[in-house]
Amino acid sequence: MSFHLPTFHQPRSGSVLVGNGSGVCNVITSSDRYLRLSPMSAEGVQAERYEKRKPIPKNTKNYIIPFMTTDPIERPVPPGWKIYIHPEGCLYYCYDSVVNFDRCSRKIHVVTQVDLVHDGVVETIEKLAKLAYSHTCQYSSFPVNVDLVLELMHIGETVTAGYYFVHHENRCLFWLQDFDATVILRECSGVIELSHMQIELEAQYWRHIDLFPHTSALHSQVRRQLQQIIRFAISDCMTSEVSAVCAFSIDVLKNTLDLIKDVDVEDDWIQSAHDKCFIARMMNHFRHCQYLNYHGQQCARLSRDQTVHGDTYQERSVMMKCLAPFLFNAPYEHVHSLHKLYVDSIVNQLDWRSFVQNLNAEMQDFNLLATVLLSVNVGFLAIQSVDDGGGYSLSQVASYVSVISSFGSMLLGVNIARQSYARGPDMVDNVQARLQSLVHPKHGLETLAIIYSLPYALLMWGMIFFVLAFFTECFHHSSAVPSVPVSVAALFVLVLVGWSYHTLGDTSRSAEWGHLSGSVLTAVQWVKNFPGWMARSVSAYAPWYISEAE
């Protein structure tokens, strides 16, 4: 099988740029409009590899091994192509050649993970490569040593392929037309500087190296640069609990630094594909974190709980102000913690894992206390003197309410804990999308904070109603001799609880109580003025009703 590339017209006369409807021409079309090239990113290639895998039929099998099979088995490869196996196990192909066009000559290097074994696929990829490189002839400053990555997107009446070029010297991806990079830049808002976008382009470059490690060699200077970055990240994590350098813990960083020392270097070059994947993944992570934190910009994020857009979510809704006292101000604590985790629509996975672990431990403690309280209520209702009330006494009703509150606390606690246990890693990986669907433009994550506060609040109400049932039974038909010491002990304990709550509580919550009192006063004033407003409205419209009736 020989390598024959079809003859295409030069870009200005044959290749056609097709717009995407937004005024940006980003599709190259061949002269016969059969082949189309659309810009894509390394992230798109990764999605094609991991999410669009073809299943292997179970019924197709052959367990026969030919006799005397001792030589290495090589897969069939089209002429001129080389096949490589990624350290994870997937296959991809590379092609090197020199192609002459009408106005220029190009040294081409094509990389694709498309299965070339199927009939006609090789010819299609080669035609697409010729189309892309023919379009580069209009750029006199086009780099020499670059890679072209092709990915088939659609095969039908027309063949559409995604592409991008790789510039190894400058560590970036580039395209032949304006590229709408929303797919790789969408995590940050207010991105206007090309210097900021360039950081993510380098992150995409390292993702490309991770996807196709055999296509290029890495200089040992990259290893030294990564060591310097990790050493600084370790020092920053040691001196700050909200370091924004990376999303790794200090233990992971130390282990990574030890692993880098074992990377094999031959003649100042890293040759092993396994080591190149390791280096590329770490560099991709650090560069992507720099992009998320606006590294090198005027308003760079210096700590991960710092907002660069001014989204503090300090305004509280009426629902929050009204429910917080009945939930013992627990929503304020949760909303404060959630807003430190969810900053500018970005979630640090390390902090979120720690938050979920603490939340699960808290739910387990609440469930244990609710179980104990439920058992105590059952024993209290079994007392002969309490049971004589016929189910209508205050002590019995209060105990019933306490039982219901205990059940509610247990059910909510189990459900919240089950969400994290059942989903496992997905709860952390998809947390950004989940929080984005719950966040309010002004009030933030108040709804989630209220939900997380319910098990604690119901447990507290269960305790309060049990205490009410207990004291009702104690003071019912009792003389002064037992009532006085019980009252003194109860008053003493109440004073201690109130004093400790006032001392250990957050003094900043006084502002929240001020907002609540203002809302209550507003509601009272509205109710007070409502009858007068109704009277004025009726008197104003009364003549109209009378005239209509006549």
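Helices (H or I, at least four residues) and strands (E, at least two) are taken here as DSSP runs, numbered from the N terminus. The model is a predicted one, so local features need pLDDT of at least 70 and side-chain atom pairs count only at pLDDT 80 or more, while totals for chains, interfaces and linings use all residues. Residues are numbered from 1 along each chain as its sequence is written, and side-chain values use heavy atoms, with hydrogens and water left out.

By this count the chain has 17 helices and 13 strands. Of its 550 residues, 40% are buried, meaning under 20% relative accessible area, with exposed set at over 50% and partly exposed in between (1.4 Å probe, protein chains only).

Strand 5 is where Leu91 sits. With a relative accessible area of 25%, Leu91 is partly exposed. Setting aside residues up to four places away in sequence, Leu91 touches Arg75, Ile83, Tyr84, Ile85 and Gln113. Its C-alpha atom is 9.5 Å from that of Phe212, a residue 121 places away along the chain.

Strand 5 (91-100) also turns up at the second largest pocket, along with helix 1 (42-51) and strand 7 (146-155), as the elements that give two or more residues to the lining. A pocket here is an open set of points on a 1 Å grid over the protein atoms alone, with protein on both sides within 12 Å along at least five of seven lines, and lining residues have an atom within 4 Å of a point. This one has a volume of about 910 Å³, that is, the space filled by probe spheres set on the points, which are joined across faces, edges and corners. Lys52, Arg53, Lys54, Gln113 and Asp115 come closest to its centre, out of 21 lining residues. Strand 7 gives the most to the lining, with four residues.

In helix 2 (residues 121-135), 13 of the 15 residues are buried, so the helix is largely enclosed by the rest of the structure. In helix 6 (residues 250-260), the buried residues are Leu253, Thr256, Leu257 and Ile260. These fall within an arc of 100° seen down the helix axis, so they line one face; the arc is that of the directions from the axis to the C-beta atoms. An α-helix has 3.6 residues a turn, so residues three or four places apart point the same way. Helix 5 (220-239) and helix 7 (273-292) are among what covers this buried set.

Two loop residues other than glycine have positive phi values. Asp267 has phi near 55° and lies in the loop between helix 6 and strand 11 (269-270), where it counts as exposed at 72% relative accessibility. Asn329, with phi near 60°, lies between helix 8 (318-326) and helix 9 (330-341), but Asn329 is buried, at 8%.

Finally, Glu446 belongs to helix 15 (residues 446-475) and counts as buried at 3% relative accessibility. Beyond its neighbours within four places in sequence, Glu446 is in contact with Glu315, Arg316, Ser317, Met320 and Val335.

Technical notes. The expected span of a helix is 1.5 Å times one less than its number of residues. Contact means heavy atoms within 4.5 Å. On a 1 Å grid over the protein atoms alone, a cavity is a set of points where a 1.4 Å probe fits but cannot get out, and a pocket is an open set with protein on both sides within 12 Å along at least five of seven lines; lining residues have an atom within 4 Å of a point.
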